[in-house]
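Q: Hi! Could you walk me through this structure with me asking questions as we go?
A: Happy to, let's take a look.

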Amino acid sequence: MYVKRNIGWGLILRFSWKNICFFILYSFIIFGIYSFLGWDFINLPFEPLTVIGIAVSFYIGFKNSQSYDRFWEGRKIWGGIVNYSRTWALQVLSFVRTNDAEKDREMQRQLIHRHIAWINALRVQLRQARSWSLREARTVEKLYDRHAERNISCNEAYNYVSMREFSDLKKRVNPATHLIKNQGMEVTKLRQGDIIDGFQEDQLQSILEEFYNLQGKCERIKNTPFPRQYGYFSRVFTWIFILLLPFGLLDVFEKHLLEYDEDTMGWMIFLQIPFSVLISWIFVTMETVGDNSEDPFEGRANDVPMTALCRTIEIDLRDMLDEEELPEPIKPKDNILY
């Protein structure tokens, strides 16, 4: 998630420099053919392009609205994970109590640390790329690779569970699901050992059920690609408009510059190049914004900051355990909070 109030031009150019270079070259070629070769017939009436531009704007607006809904739903799900994580820790600390304070602390620590393992395992699973995942320009991909937050091979659960349990997790298809299962089995053992009563077991199992619900919601977004009829044709329509735009601007500038002499008018039409580049960049940027919000768990500049949220949960829960050496909050990298 990009956290700086104003997006720096360095990051903007990482995303758009290739398109800008193409727009400049393409507009200059159209201008050169019109002005120097005398192909006056290539100027198109701008009115049809206006209709196309309006239609494309509505289509992009709908796509961006739906893409943002996917991002915001993902952020709300992780907000629920934060809240229920605190509730889990509170109930563990309140319910898991015997006459042996040292034993209590060990059981509480095990349950809470396993939960921290779950949120990190879930984060790593959600960060794995799918076949339909967006591929950015090489300059952008290099930036993400330098930050090393995507496609992490280990699930980081080894920091919070026993080595025996971690060895078992590595064999599992879905480690996050298995961690919640282990939590449920541990809660059942506590009930069988009369450490907690039936009501307390029910409360703890209900929280675990909610964790499964939240995990399933994340997986639904992750495993359901944005409908390609919207994503694909949005790009097609945008590029049709962009490719026709320079021809229409020739007509616009010609009509408004008839009062100039012929030599001056030829150079004044040159202004169509910067205006064509500017309008094209605006449209392609609007289309790209929607692409970057389709999949909110990929670890890109505009995605849900799961690493930071996992660290926030870890700090809160370990503080509730009265642990002293707490980790530092996650800091943004190049103004991107992961």
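**Surface, fold and cores**

A: Let's start with the surface: this is a predicted model, and the accessible surface of the protein chain is about 17800 Å², with 58% of that belonging to carbon and sulfur atoms.

Q: Thanks! How many helices and strands does the protein chain have?
A: The protein chain has 11 helices and 0 strands.

Q: And is the protein chain a compact globule or more spread out?
A: The protein chain is more spread out than a compact globule, because its radius of gyration is 28 Å, well over the 20 Å that the globule rule gives for 338 residues. Along the principal axes, its C-alpha atoms fill a box of roughly 100 × 35 × 35 Å.

Q: What share of the residues is buried?
A: Buried residues make up 46% of the 338 in the protein chain.

Q: What about contacts between residues 24 or more positions apart?
A: Such pairs account for 79% of the contacts with a separation of 6 or more in the protein chain.

Q: Let's go inside. Which residues have the most contacts in the largest nonpolar core?
A: Those are Trp78, Ile81, Trp88 and Trp118, in a core of 48 residues. At least two residues of this core come from each of α2 (46–95), α3 (101–127), α5 (163–169), α6 (175–192), α7 (198–223) and α11.

Q: Who does Ile81 touch?
A: Setting aside neighbours within four places in sequence, Ile81 is in contact with Trp118, Ile119, Leu122, Leu214 and Ile313. There is also a second, separate core of 8 residues, and Leu11, Leu143, Ala301 and Tyr338 are among them.

Q: Which residues does Tyr338 touch?
A: Not counting residues up to four places away in sequence, Tyr338 touches Arg127, Tyr144, His147, Glu149, Gly299, Pro305, Met306, Thr307, Ala308 and Lys333. With His147 there is a side-chain to side-chain polar contact at 2.5 Å. As for Ala308, which is 30 residues from Tyr338 along the chain, the two C-alpha atoms are separated by 6.0 Å.

Q: Switching topic: where is Ser67 found?
A: Ser67 is in helix α2. Ser67 counts as buried because its relative accessibility is 0%.

Q: And what surrounds Ser67?
A: Beyond residues up to four places away in sequence, Ser67 touches Phe226, Gly290, Ser293 and Glu294.

Terms used:
Residues numbered from 1 in each chain as written. Predicted model: local features only at pLDDT ≥ 70, side-chain atom pairs only at ≥ 80, totals over all residues. Heavy atoms only, no water. Contact = heavy atoms within 4.5 Å. Polar contact = N/O pair within 3.5 Å; in protein donor to acceptor, adjacent residues only side chain to side chain. Core = buried A, V, L, I, M, F, W, Y, C linked by side-chain atoms within 4.5 Å. Buried < 20%, exposed > 50% of the residue type's maximum accessible area, 1.4 Å probe, protein only. Helix = DSSP H or I, 4+ residues; strand = E, 2+ residues; numbered from the N terminus. Rg over C-alpha atoms; globule rule 2.2 N^0.38 Å. Areas by Shrake-Rupley, 256 points an atom, 1.4 Å probe, with all protein chains shown as cover.
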